[in-house]
Amino acid sequence: MGGAKGGMKGLQHLIRDIRNCKGREGEQKRVNKEMANIRKQFTENKNLTGYKKKKYVCKIIYLYMLGYDVDFGHVEAINLLSSNKFSEKQVGYLFIGVLLNEEHQLVPLVVQSISHDLAARSEFAQCLALTAIANIGGKQMAEAQLAPSVTKLLLANTSPSMVKKKAAVCLLQLYRKYPDFITSDVWADRLIKLLSSRDPGVVGSLMSLLLGIVEKDPSGYEPCVEKVIELLSKVPSPSPSFAEDLSNPGGGRMRQIVLEKEYPRDYVYYNIPNPWLQVKLLRFLRYFPATLKRDLGRKLHDVLNNIMLYDGVLPHLVLPLLLSCGCSPAFYLLTSSAEKVVAKSSLSNNHKNALNAVLFEAIDLILHYHTDSELVKQAAQLLGRFISPKESANIRYLGLEAMGKLALSMSEETGGIIKRHLETVLSSLKDPDISIRRRALDLCFGMCDQSNSQRIVGELLNYLLHADFDIQEELALKIAVLAEKFAASNRTWYVDTVLRLISLGGSNVPDDVWYRVVQIVTNHEDIQEYAVMNAFKVGLALKHPSCGESTIKVAGYLLGEFGHLIDDKPSSSAREQFEALHQRFATSSVATRALLLSTYAKFLNLYPEELGAQITQILKQQAAYIDAEIQQRAFEYHGLHLLRDPELMQTVLDVMPAFAETDDAEDDGRHATDDDDEPEVTAGHRPVGGGGGAPDWLLDGNDAAGVPPRDPLGGLVSAFAGAAISPAPVSPYPAGGAFMPPGSSGAAVQPGGGSPFHPHPASPQHQQSPPSPLAGPSSPLQSTEPLSSGIPTLSPLIPTESEAPQLVPKKSKPTGAELMEFFKLLCINAEGVLYEDGNIQIGLKTEFQRGMGRLVLYYGNTTNAPITQFTTIISPVNYLSIQIQEIASVIRPMAQEQQLINVACLHEFADALPIQVSYLANGKSENLSLRLPIVLTKFVEPVLLDATGFFGLWKKLAGPPYEHQSVFKAGATIDMPGITHVLSSGLHVGVLSAIDPNVNNLVAAGSLFTTTKQVLILLRIETNPSAGMIRLTIRSESGQVTAAIKNLVSAQLVG
C-alpha cells in the first residue's frame, strides 16, 4: 500500500527519517513533529481529501506499531469506513483492527459501518467487515445484530466462497467469546448442509468452526459424524495406468487422478490432497465415542486402513505417493515397474510433513477408538519407523509420544511389536533434545512388563546419574513404581533396585519410596537378612557428602529392626552398625535425628554391654536439645533405660510386627501373564482391566462385583498401579518411644497391586452422620444397600414442616444479579434461598450421593392472602432421571408447602435444571423462570491421588477435548483457605496436599458419578496474589465434563 509507485510518499519519507535517526532522542523528536502536524491537519483542515486522511491514518498506525501512544485520529479513521473507495475503506478497517479492542468506547461507532458493509453487494467490503468483527469481536458486536448478519452470509447460496470462508472463521471467533448464540439444535443441520460445499476452502473453514464448537461441547453434533466420514471416504480411485502415471508425473492421467478428481489444484500440497482438511476431519471424530453404524464403521475403517497400511514390502517413499494418489498398496504390488520409478523420486520434507500430519492424526483416532486390533497393530508398526534415529527430531518426538499412549493400553500382540524397539527407545534417553528424552522416559515406563522390567529399570537407574535436574524427580518416581510393580517375582532385586535408587536419587526420591521398602522387608522374612546387609553396605557409604536423608533413614530403620540378623557376620558387628549411622547424626535433619534416636534405643536394648555407655551419653545430650521432638524422644528413651526393667524394654522396643496389607499382590498372581487363566475375583482382589463395571480406582471394600472392573482410562490406571501411596510423610517413630510402621495410619498398597489413588477421605457431605432433615427412616442416602446397577434406590421422603428453612418476607422483587448470587451460593451449599419477593419465598435443601440426589423445595406464602393456582413445571431433560412429587395448588397465608424431587444423573451435562413456577397472588398472575442448582459438581465425589498418580494421569489427559484452561482476575483478595473450602466442601473435589510445592497453587481430583459410568476430573489452580490473577486448568476424560467444571469453578472464584 505504502510501497506502491507514487503512493503515499509522505509515509515513505516518515519511515525513512525514523530509520535514519541516530538515537532515541532524535526519533522521539521526529515522531512528536509528525504527530503535531497530523493533529493540526485533523483539527484545522476541514476539507481534507480522502487520500490525505488515508495517508495520515497510515502514519498513525505506523507510529502506534512502533510503540507510541496515540490518542487522536480515531474519528477520522472511522469516517474512512464509509468511503466508496476500496483503498480508503481498507485503511479504515486496518486502523480499527489494530487500535481498537472489544472494550474500546468507540466500538459502537463502527458497528453501523460494519453492518452496512456486511449488507453491501461488494464481496471485498463484506470481507473487510468480517475481518474487523473477527479481530475486535466483543459482546457489543455479537449482540448488535452482527452475528445474525454473519450467519446469513455463511448460509446464503449467493455468497462467494471467499466470503463464506471468512464468515465461518468470524463466527468461530465470536463463539469462543460468547458461545450462547450457537446451539446444536439449530446449527447441527446447518453445518451438515454446508459441508456439502464443493469448495474445499469453505469446507476447511467450516471444519475449523465445527472443531471450535465441539471442543467446548460436542453434545448435539453427533449427526455431523456421518458427513465427516463421508468427506474422508472421498478418495480418488486407482487408475489402470498407474505405472505410466508414476513414470510421467506431469502427464494428463496423473493430473486427473490427483488434481482434478476431488480436489482443485490449489488444494494439493506436495502431492497430498488437502492435508489440512484431512487433519481437521480426523480430529473431529476424536470428540465422539466409537459407536458407529456398521456401514459408517466400515467406511471409517477403510479410510484409516488406507492411511495406515505401511507394510514392510513397500519402500519408504512409495506409500506417500500412493496415498496422495488415492491408490491402495495392493494395487501397487500388481504394478511391477512402480517401485523402480518411485525409488528414483525425491520427495521433499514438505511432502513428508504433510503426510505425517495426517498419519499422526489417524493414529490418535485409532487409539481413541481402539476397537480394531488390526489397525492398532498397523499403528504400532508404523510408529516403530517413526522413532528411528534416522527420522527428524520432530517426527521422533511425535512417534515416541504416540507410542507412549499406545503402550499404556497395549494388548499382547501390540505389546510385542512395541517391545521390539526397546533398544531404540533406550538410546533416545541419550538424545541431545530434552523433549525427546522426556517422551522416551514415558515410553519406557509404559512398555515395561515382567519380561523386560529388570532391563528397563537398570537402564533408568544408569540414566539417573546423568539425567537433567528438572526430570530427576519424575525419573525417580517412575523407577520406584516399576520396581514395586514387578517386585513379586524377585524381591531381592526390588531391594537392590530401590536401595540403589535412594542412594543415587538423594533428595529427588520422596519419603514414600523408603516407606514402602520398610513395609515390604518387614512383611517378608525371607529377604530381611539380605535387605539389612545391603542397608548396612549403604550405611558404610554414608561418609560420602552427597548421601541423602532418605539413605540415612532407610539404613537407620532397617538396622534398628533387623541389624541383629547380621551382627555375627564379618565386618558387621553391632558397634560397626552404630558407628556407620552415628557419623551422620550431627549433620542430619531433625526428622532423621528422631528416627536415629529410636534406632539407638533398639541398639541399647539389644547390646547394653557393648553400646550402653555411648548411647546413654548421647541420649543425655539430646534430652537438652532445642527441638521438642528430639528432646522428648531422648528423655523418654533414657528414662526407659533407667527403669532397669529388661522385660519392659523388650516389650516396648521389640521388632515391629508385619504391616497390614490391603491386597497381597505379591502372592495372589495379580501380574499373571496368562490371559486364559482369569484370576478369581474376591472382595480383596480386584484385577485392573477386564470387564465392565465401576473402575478399580473408584471401588471401596464394599463395591467388589462379580466381574473384574473395566479401566476407563484405557490402561492409565494399570500403568501406574503400584505407585507408592502413603498418608502425609511422618516419621515412623513417634514421640513416646514405640516404633510405628511408616504410613501405619493408612493401609499400605502392595507392590504392583491396586491403583495409585484411593477415594478421598469423606467430606462432611459424604460421611455417615445423624439423619438429615431431608432423610426419612429409609432414606437411600443413609442406606448402604445398592441395586444391581450400583445406584441406591429412591424412596418417598416427606420432611416435617419444622425442619423447613425459616423464611423471612421480602418486599421487592430480586434483581438478576441477586438471583445469580442465590444460584451461585446454592451451587456450593446444601441449603438456602432460591427466590424471594413480596409474595413468595422459595427455599431449598439438597442431599447428593454419587449419581443420586434429592431436593426439597419450600414454597412460603409471605402475604396475608392465600396464593392460588400454584403450579410448578419441570420439563424432562435427557441427562437426568427426575421424580417429582405433586404439590397443592393453594398455599395458605403465612404457610409453607413442600415439594420433593428425586434425581439421578444419566450422563454428563452443562446446563442447570430449569423450573417454571406460576401462581395467582392478590389477583395478579405471576410467572417465574428459575434454575435449580442441580449442576454437574453435585454428582462429584472426591478422589485422593499421590504425586505419581496425579501427574501421570494429568499428562495423559492433556490437550483438547480433555483440557480447558482459563486465566481471570479474582473477584476479591485471593484467599487460599477459602478456595480450598469452596473446592472441597462446595464443589466436592478432593484437594490434594503435598503435590504442588507452591503454596499459592492447589491441585484437586474428583470423580463424576452417573448411572452408567464414572469420569475422572483433575484440577489445578495457580494464583498470583500480588496481581490478583488466577489460572484454572481442568482435565477430565470427557470434553463436556471439562467445559462444565471449568465454568462452575471459575464462576465461584471470580466472585
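Phe124 lies in helix H7, which covers residues 123-136, where helices (H or I, at least four residues) and strands (E, at least two) are DSSP runs numbered from the N terminus. The model is a predicted one, in which local features need pLDDT of at least 70 and side-chain atom pairs count only at pLDDT 80 or more, whereas totals for chains, interfaces and linings use all residues. Residues are numbered from 1 along each chain as its sequence is written, and side-chain values use heavy atoms, with hydrogens and water left out.

**The surface patch**

- Phe124 is partly exposed, with a relative accessible area of 48%, given that buried means under 20%, exposed over 50% and partly exposed in between (1.4 Å probe, protein chains only).
- Together with Phe86 and Met162, Phe124 makes a nonpolar surface patch of about 280 Å².

**The sheet and its edges**

- Five strands form an open sheet in the order S4-S5-S6-S9-S8, and their pairing is antiparallel; two strands pair if DSSP finds at least two bridges between them.
- Strands S4 (831-836) and S8 (880-884) stand at the edges with a single partner strand each, so one side of each is left without a neighbour in the sheet.
- On average, neighbouring strands of this sheet are turned by 25° against each other, direction ignored.
- Helix H39, residues 816-828, lies across S4 and S5 and runs at about 160° to S4; axes are lines fitted to C-alpha atoms, for helices over the stretch in contact, and angles run from 0 to 180 degrees between N-to-C directions, with contact meaning heavy atoms within 4.5 Å.

**Strand S6 and its partners**

- Strand S5 (residues 840-849) is joined by 10 bridges to strand S6 (residues 852-861), and the two run antiparallel.
- Among the bridge partners in S6 are Gly853 for Phe848 and Gly860 for Gln841.
- The hairpin of S5 and S6 has two residues between the strands, and Arg850 in this hairpin takes a positive phi near 50°.
- S6 is also joined by nine bridges to strand S9 (residues 896-905), again antiparallel, and Val856 stands opposite Leu900 in S9.
- In a regular strand the side chains alternate between the two faces of the sheet.
- Met852, Arg854, Val856, Tyr858 and Gly860 point one way from S6, while Gly853, Leu855, Leu857, Tyr859 and Asn861 point the other way, and all are buried.

Conventions
Patch = residues over 30% accessible without salt bridge, like charges linked within 9 Å, V, L, I, M, F, W, Y side chains within 5 Å. Areas by Shrake-Rupley, 256 points an atom, 1.4 Å probe, with all protein chains shown as cover. Salt bridge = Lys/Arg side-chain N within 4 Å of Asp/Glu carboxyl O.
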